[in-house]
Amino acid sequence: TGASSAYLPFQLRTKMMRRLISCFLTIFLFASVGHAGEPRPVTLDPVTHRAASLSVTGVDGSVVTYTPSDLENMQTYALETTTPWRQDVTLFEGVLLKDVLAASGLMDVDVIEVLAENDYAITIPDDVWEVAPVMVATRANGKPLTRRDRGPLLFVIPAEYFAKHDVITNSHLVWMAASIAPVE
């Protein structure tokens with residue numbers, strides 16, 4: 001018993017040190033990455049995007065067309081979340097929908113219609129972008145989105161907002177987004 005009792009405290013100390021180191025590493029990683037699900041401002045390196053555009057119609061009928069690179073000239077953000085088709089946490093990068101709407105003079109509209117390249121259309125009330133950071137993603141895990149990835153322009157909402165707000169639904173996760181227009 002003398003040998004085993006001397007060994008036990010060393011084993012416990014080793015286990016405690018491993019847990020302590022693990023805790024410090026976890027704290028360090030979360031502090032450097034930011035909170036999952038909340039967008040944080042980032043600066044993106046230039047990349048070559050797939051040919052795509054997002055046409056935004058203003059309340060006066062004027063149309064501004066943005067390429068993914070044009071969108072990335074706005075303030076860009078990164079957020080980590082899952083989606084219905086990506087069960088693993090993915091790092092999405094792009095711009096916030098409300099910034100695109102503000103740049104196009106649409107912040108005061110009550111509802112927008114978003115149309116995708118495949119003719120999918122959805123109306124999105126202002127409640128959605130007022131309560132959740134809706135991202136128009138141009139990249140996933142550091143790479144430009146392709147149409148196979150549901151890009152090149154993909155609307156992403158942090159997963160935890162679906163449980164918090166009834167107004168947010170999976171139908172707001174538009175992929176291959178092509179145009180935005182106010183609904184009158």
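## The loop between S9 and S10

Pro152 is found in the loop between strand S9 (143-144) and strand S10 (154-156); strands here are DSSP runs of type E with at least two residues, and helices are runs of type H or I with at least four, numbered from the N terminus. The model is predicted, so local features need pLDDT of at least 70 and side-chain atom pairs count only at pLDDT 80 or more, while totals for chains, interfaces and linings use all residues. Residues are numbered from 1 along each chain as its sequence is written, and side-chain values use heavy atoms, with hydrogens and water left out.

A cis peptide bond, with omega about 0 degrees, joins Gly151 and Pro152. Arg150 lies in this loop between S9 and S10, and its phi is near 80 degrees, a positive value in a residue other than glycine. Most residues other than glycine have a negative phi, and most peptide bonds are trans. Arg150 is partly exposed, with a relative accessible area of 26%; buried means under 20%, exposed over 50%, and partly exposed in between (1.4 Å probe, protein chains only).

## The open sheet

Five strands form an open sheet in the order S3-S2-S11-S6-S7, with mixed pairing; two strands pair if DSSP finds at least two bridges between them. Strand S3 (63-66) and strand S7 (121-125) stand at the edges with a single partner strand each, so one side of each is left without a neighbour in the sheet. The twist averages 20 degrees from one strand to the next, where axes are lines fitted to C-alpha atoms and angles run from 0 to 180 degrees between N-to-C directions.

Strand S6 (residues 111-116) and S7 run antiparallel and are joined by five bridges. Leu115 has Ala121 in S7 as its bridge partner. In the loop between S6 and S7 is Asp119, whose phi is also positive, near 70 degrees. Asp119 is exposed, with a relative accessible area of 62%.

## The nonpolar cores

A nonpolar core is a set of buried Ala, Val, Leu, Ile, Met, Phe, Trp, Tyr and Cys residues joined through side-chain atoms within 4.5 Å. The largest has 30 residues, and those with the most contacts inside it include Leu54, Leu71, Ile112 and Phe155. Two or more residues each come from strand S2 (54-57), helix H3 (97-103), S6, S7, helix H4 (126-131) and strand S11 (177-182).

Beyond its neighbours within four places in sequence, Leu71 is in contact (heavy atoms within 4.5 Å) with Leu54, Tyr66, Val95, Val100, Val136, Thr138 and Leu153. Another core, of 10 residues, lies apart from the largest one and has Ala137, Ala140, Leu154 and Val156 among its members.
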